[in-house]
Structures are given as C-alpha cells and as structure tokens.
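Please open the structure in a viewer and keep a selection tool at hand. The tour begins with the whole chain and then moves to its parts.

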Amino acid sequence: KVEGNDVYYTLTAQEGETQILPGKKTKTWGFSAPLLGKTVVFKQGVHYHIHLVNKLPEVTTFHWHGLNVTGPIVDGGPHAPVYPGGSRDIDFTLDQPAQTDWLHPHPCPNTARQVWNGLAAEVIVTDPEEAKLPFPRNYGVDDIPIILQDRNYHDNQLDYKADYDMDGTLGKYAVINGTINGVFNVTTQRVRLRILNGSNRREWRLHFDDNHEFTQIASDGGTLPKPVELTKVMITTAERDEVIVDFGDKKPGDEVTLMSDDVPILKFKIGNYVKQDVKLPEHLNTIPKPVVTPGSKIVHTVMSGMDDQVKLDGKLFDMQRIDRKQKIGDTILWDVTNTNDMDKGMIHPFHLHGCQFLVLSRNGKEVYPNEHGWKDVVGVNAGETVRIAVKFSKFGIYMYHCHILEHEDTGMMAQIEAY
Ligand code: C2O
Ligand code: CU
Ligand code: CU
C-alpha cells in the first residue's frame, strides 16, 4: 500500500515446499514465499512501514543486513524476536545510497539453521544519483539477483542437524537462487548480477569457464568509486558484489558457465540481443576520505579460534553486556585481527551492523581492488589485521560478529552502543 511518501509492506516468515531436486519436493522456509523471498526494493527517501509476521513454529527475527536503520529493534538483531504466530511493526525512512543488501533471520543461537532452511532475500536500494549511471536496471531481464548457497539433501529434505559443522555447515550442491544446475537466458548484451553470498560459511571463487571478463561496479554499501575489471572474484559469506558482464563477444547459441573453483554453478545461454556500445565512466561514485576524529584511540578487536574455541575479543556473546561504545559522528579506526594460524586457519568474515565502513589496509598493505567502496562485511584472512574506518550516524545498540553463521551462533558476536 502506498500513501504519499509512506509505503506499507507485509513480510511473512513461513514454511513451504519447493522443487529443488528433479521431481521431488523439499520442505523449505522463506519470506512471503516458500523459499528465499521476493526481492525487496526500497527507494531512498521513502518512509517504510513494515508488518513482520512469523508463521514459523519457532522464534525468528527480521534483520536488514546492510540497512542503516535506528536501533536494535528495527535492525532486527537478536533483540527483536517475533514469536510464532506473532508479529511486529517497524518503520524507518530509507536514507542511504543505492546498494544491494539482504534480509535474513538473526535469533541467537538459531540463525544458521534458519538461513539453512531458506530464510534469505535480497534487498535492493535505489537512488536518483545511481539511476543516472549507465547500469542495466531492468529487474529480471538484465538486472539479476544471484544468491549463492550450498546445501545437502537427505531423501530430498534438508537436515541441518545431520550436516551441522561448528565451523560452518557446507553443502555439496551449489544452490543458486534456490536452483541446482540453473540456466539464465541472456537477452541483452550486458547483464548486471547482484551477487550475494548467502551461504552459512562457504567462500566462493567465481570466474567464467572461458575466463570471460566482468566489471565490478558495487560492493556491500553501494557503487564503487571506479569500475574494477576482473576475471575472478572471491566473495566471503554475507558480502555483495555487483558486476556487469558484457556478452558482446558472444553470439546466439553460445553458452558461458559461471564457476566456483572447478564447480559449474550457473549457465548463461546467449540469445538474440541488440548490440549496444556502452562505456562505463571512469568515475562512478565519490567516496570521501575518512577523517579520523582527532585524539581518538584505535579500537582493537580480535576474532580467534575455530570449532568450539571461537571467541570475539576473548569472550562469548552475552546480550546483557554492552561490549563497546562509540560516539555518533566520530570516525574511529578499528583494527580487526584474525589470530588463526596463517597456513591452516580459516577466514573470519567480520560484519558490523548500523553502518557502512571503509577498508583501509590489510596487514598494513593495500586492500583488494574491489574494496575501495562502502562495506559492511570484510573477510579477515588467517593471521591478518584489517584496518577499517567506522562511523555511526544513528543511536542504538548494534551487533558485530563473525558472519560464519555457526561461529555467530556459538557466540562469536558482541554489541556496540552508538551514543
Ligand atoms: Cu548478516 Cu548480524 O548479520
Ligand atoms: Cu547484519
Ligand atoms: Cu568465524
């Protein structure tokens, strides 16, 4: 429902059934859909009123990963339970730039299982500035959400308990937008992929089977300062990479396959398309240089361990404890360290709610070429310290944690009060 600048929306966490394996039905969960959910599109400047309904047999929450909204209730972290059969109403004015975010549950300690069951949807934010850039934006035609997940099936059903891994549950099937062996029919020369790593743990190393080039145009928090030409990209859990693939060198009938390592994950079948000659501008977006608040101290935060030994700053999550405070408007450097053994330790993807940050260095060195834009997740490699610049603009308590969902559920999570 739309009333002037107010938009009313209902979202239901529900059970359903989906055909994923040939001819069989799998019990799945989704947001107002049997699995995953219809992409939510928000416009900058609009005031949204959202009625959240829980039709699941257990408590859940509705977390807007990447949205910069006020306080823990609207944000939908563990502070904002919606009980089975219950509902909750939230509202916020969308005041951030165009970007690809996502919606997922965040009830401690059941986030991992609920996401595994299917609760995840893409959230697209649009704004008038980004709308001027020559990006494909015809949703479903040349602007496509791509949710990367991996799953296992037991007699066609998910069985989270059976597959559970403390270090992040992995599946042997690549399930892309809820589909195995998916095919996308290309009908335009350029296709924009809004890639979301919605996996519990897996990092995806994406490339095309013919090493076709693609151009990254956006990261978690929106448009990059410059387009970044790539032939492969690594995406850790919860990150978003928007890329444009130009199939102008292909002819109808050609096929190109998107791979992760040596596993085919999505086939692109080239159809008839109209030739176009679009060049992306050199400059896409202005990202201000962070100005660190004079006299402020560097925050040190440490992600340590694997398995049942994982800790954040040497502790496990406690909802009654505020772990840090940061003043609204201050820009503070955070050094985020992963103390795992460089050779055999795993990546901990660090995520902060309530803001988008800038990644400044990795072990004092240059960051990756696609890390020059706004981010809310950064993969911190084993033995590495990543320096980020953090600024909050809204009051409230926000979570920060490892985004390997099983690590988060074990307690590799803490809270910061922005005051
Ligand atoms: Cu993607 Cu604390 O969340
Ligand atoms: Cu989040
Ligand atoms: Cu972790």
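**From the whole protein to one interface**

In this predicted model, 76% of the protein's contacts with a separation of 6 or more are between residues 24 or more positions apart.

Begin with the entire protein in a cartoon view. The secondary structure comprises 31 strands and 4 helices. The protein is as compact as a globular protein of its length, because its radius of gyration of 21 Å is close to the 22 Å that the globule rule gives for 419 residues. Along the principal axes, the C-alpha atoms occupy a box of roughly 60 × 55 × 50 Å. Burial may be considered next: 46% of the 419 residues count as buried.

Now colour the domains separately. Select residues 2-128 for domain 1, 143-270 for domain 2 and 299-418 for domain 3.

The C-alpha centres of domain 2 and domain 3 are 25 Å apart. Across this pair, 24 residues of domain 2 make contact with 24 residues of domain 3.

Which elements give two or more residues to the side of domain 2 that touches domain 3? Select strand S16 (214-219) and strand S17 (222-230), which are these elements. Of the contributions to this side, that of S17 is the most, at 5 residues.

The side that touches domain 3 holds 10 polar, 7 nonpolar and 7 charged residues.

Note on methods
Residues are numbered from 1 along each chain as its sequence is written. Chains are lettered from A and ligands numbered from 1 in the order in which they are written. This is a predicted model: local features need pLDDT of at least 70, side-chain atom pairs count only at pLDDT 80 or more; totals for chains, interfaces and linings use all residues. The radius of gyration is taken over C-alpha atoms; the globule rule is 2.2 Å times the number of residues to the power 0.38. A residue is buried if 20 or more other C-beta atoms lie within 10 Å of its own, exposed if 12 or fewer, and partly exposed in between; C-beta atoms are placed from the backbone. Two residues are in contact if their C-beta atoms, placed from the backbone, lie within 7 Å. Domain bounds come from an automatic or database domain assignment. Ala, Val, Leu, Ile, Met, Phe, Trp, Tyr, Cys and Pro count as nonpolar, Asp, Glu, Lys and Arg as charged, and the others, Gly among them, as polar.
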